[in-house]
Amino acid sequence: MKNNRYWPLAIAVVVALIMLFSPGSTVPSSPENTDKITHTLMFAVLAITSLHARIPVWLTAVWLVIFAATSEVLQAALPISRSGSIWDGSADLLGIAVGIGIVSLVTRHRNARNDQPSRF
């Protein structure tokens, strides 16, 4: 990995893997459905760091949708006291859309600012 733009993505993937596949007994309890916020934020960060690594938007969306679906299936199948959930998967998809949307808005704002004539 010569390109330093990949490091945030690599770190985000490792953190996501730890969070998604830690045994259920090690996951702190929290109010019902607050894990959906965690899923949304986790996948938003994955999308943002993927785009920061200059992975195209379409490819970012594809690999993250596959990652989200695979993680939910594995959580249900592996003996780690976790369960796959269509609602967690939906939160993952929302996070992907939010992350891509944030990068799109920031890029559009940055480009619009750069297109303005100099004031000096």
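This is a predicted model: local features need pLDDT of at least 70, side-chain atom pairs count only at pLDDT 80 or more; totals for chains, interfaces and linings use all residues.
**Helix packing in this chain**

Colleague: Which pattern does the chain follow along the sequence?

Modeller: The chain has four helices and zero strands, where a strand would be a DSSP run of E of at least two residues. Read along the sequence, the pattern is therefore α-α-α-α.

Colleague: How far apart are the end C-alpha atoms of H4?

Modeller: Helix H4 covers residues 86-115, which is 30 residues. The expected span is 1.5 Å times one less than the number of residues, so H4 should span 44 Å. This agrees with the model, in which the end C-alpha atoms of H4 are apart by 43 Å.

Colleague: Which helices are among those that cover the buried residues of H2?

Modeller: Helix H2 has 18 residues and should span 26 Å, which agrees with end C-alpha atoms 25 Å apart. Among the buried residues of H2 are His39, Met42, Phe43 and Leu46. What covers the buried residues of H2 includes H1, H3 and H4.

Colleague: How are H1 and H2 directed relative to each other?

Modeller: Two packed helices are described by the angle between their axes and the distance between the axes. The axes are lines fitted to C-alpha atoms over the stretch in contact, and angles run from 0 to 180 degrees between N-to-C directions. The axes of H1 (residues 7-21) and H2 (residues 35-52) come within 8 Å and cross at roughly 155°. Angles over 145 degrees count as roughly antiparallel, so H1 and H2 are roughly antiparallel.

Colleague: How many charged residues are in the contact of H1 with H2?

Modeller: The contact includes Leu9, Val13 and Leu20 of H1, and Met42, Phe43 and Leu46 of H2. Ala, Val, Leu, Ile, Met, Phe, Trp, Tyr, Cys and Pro count as nonpolar, Asp, Glu, Lys and Arg as charged, and the others, Gly among them, as polar. By class there are eleven nonpolar residues, five polar ones and, among the charged, no residues.

Colleague: What is the relative accessible area of Leu20?

Modeller: Leu20 lies in helix H1. Setting aside residues up to four places away in sequence, Leu20 touches His39, Met42, Phe43, Phe67, Ser71, Gln75, Ile80 and Arg82. Leu20 is buried, with a relative accessible area of 1%.

Colleague: What is the phi of Arg54?

Modeller: Most residues other than glycine have a negative phi. Arg54 is in the loop between H2 and H3 and is exposed (over 50% relative accessible area), at 59%. Its phi is positive, near 65°.

Note on methods:
Residues are numbered from 1 along each chain as its sequence is written. Side-chain values use heavy atoms; hydrogens and water are left out. Angles under 35 degrees count as roughly parallel, over 145 as roughly antiparallel, 65 to 115 as roughly perpendicular and the rest as oblique. Contact means heavy atoms within 4.5 Å. Buried means under 20% relative accessible area, exposed over 50%, partly exposed in between (1.4 Å probe, protein chains only).
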